[in-house]
Amino acid sequence: MSESSYTSIHLAQRPKTDIVPGETFETKTNDIPNASDLNHGQVLFKTLYLGLDPAMRGWLKDSRSYIPPVKIGEVMRGGTIGIITESKSSEYPVGTYVTANAGWSEYAILQEKDLQRVEIPENGRVTDMLGLLAPYPGITGLTAYFGLLDVGKVKAGDFVVVSGAAGATGSVVGQIAKLKGARVLGIAGSDDKVKWLKEELGFDDALNYKTPDFSKSFKEATKVCG
């Protein structure tokens, strides 16, 4: 039997501290649209994979930022990979895999201008698009790659200091720098993160900026910079 309804997750109230199960978000059941519900240039998008990112917590705050906050009642924002199931777009026919900010919803009607085609190579799978440098969720990986190589132009023998080194972008920056032959110092916010950077990711050194002697330790670690 074919599907007739789908689930979407909406912001019900803004959390003051932690997310509260059953209060922060509201689950809704909706009828799945069909082709007659679409206008010219629109598609019906079915979510296959949804990214859950640390930035989402910031989107819940009603404060000025690089992106407007999610409004009360709106579908929770989120990047997705999915497939077109109905279409009134010549650019994106049925069966096309795309990335989109469809949010926490199993289906969504989207404008063709808000889609990015996903090209799956021969013998590839859609899950290959979940890789570190894929269109989504590889935004942080691409930021690290182009920021360090195209802008920073890192090379063998350089000394690279990475703040937020245990984060999604910083952890990739450090690894790329090591592959290029640079010496890497990571800055993170806990001893566990420092240990992970050195033992798992291969950073030459890492410091916890919350320790009382951080300033002294940082000066010592960066003496090589002259």
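Good morning, colleagues. Please note at the outset that the model before us is predicted.

I begin with the overall form. The protein chain contains 5 helices and 10 strands. Its radius of gyration is 22 Å, well over the 17 Å that the globule rule gives for 226 residues, so the chain is more spread out than a compact globule. Along the principal axes, the C-alpha atoms occupy a box of roughly 70 × 45 × 30 Å.

Of the 226 residues, 37% count as buried. The accessible surface comes to about 13600 Å², and carbon and sulfur atoms hold 51% of that area. As for charge, there are 25 positive and 27 negative side chains, with the centres of the two sets 9 Å apart.

The largest nonpolar core has 19 residues, and Val-160 and Leu-197 have the most contacts inside it. Two or more residues each come from helix 2 (139–151), strand 8 (159–162), helix 3 (168–179), strand 9 (183–188) and helix 4 (191–199). Helix 3 gives the largest share, 4 residues.

Which residues does Val-160 contact, leaving aside its neighbours within four places in sequence? They are Val-154, Ala-177, Ala-182, Arg-183, Val-184 and Leu-185.

There is also a second, separate core of 10 residues, among them Val-43, Ile-84, Val-98 and Ala-108.

Finally, I consider contacts across the whole chain. Among contacts with a separation of 6 or more, 56% are between residues 24 or more positions apart. Thank you for your attention.

How values were computed: Residues numbered from 1 in each chain as written. Predicted model: local features only at pLDDT ≥ 70, side-chain atom pairs only at ≥ 80, totals over all residues. Heavy atoms only, no water. Rg over C-alpha atoms; globule rule 2.2 N^0.38 Å. Buried < 20%, exposed > 50% of the residue type's maximum accessible area, 1.4 Å probe, protein only. Contact = heavy atoms within 4.5 Å. Areas by Shrake-Rupley, 256 points an atom, 1.4 Å probe, with all protein chains shown as cover. Lys, Arg positive; Asp, Glu negative; His and termini not counted. Charge placed at Lys NZ, Arg CZ, Asp CG, Glu CD. Core = buried A, V, L, I, M, F, W, Y, C linked by side-chain atoms within 4.5 Å.
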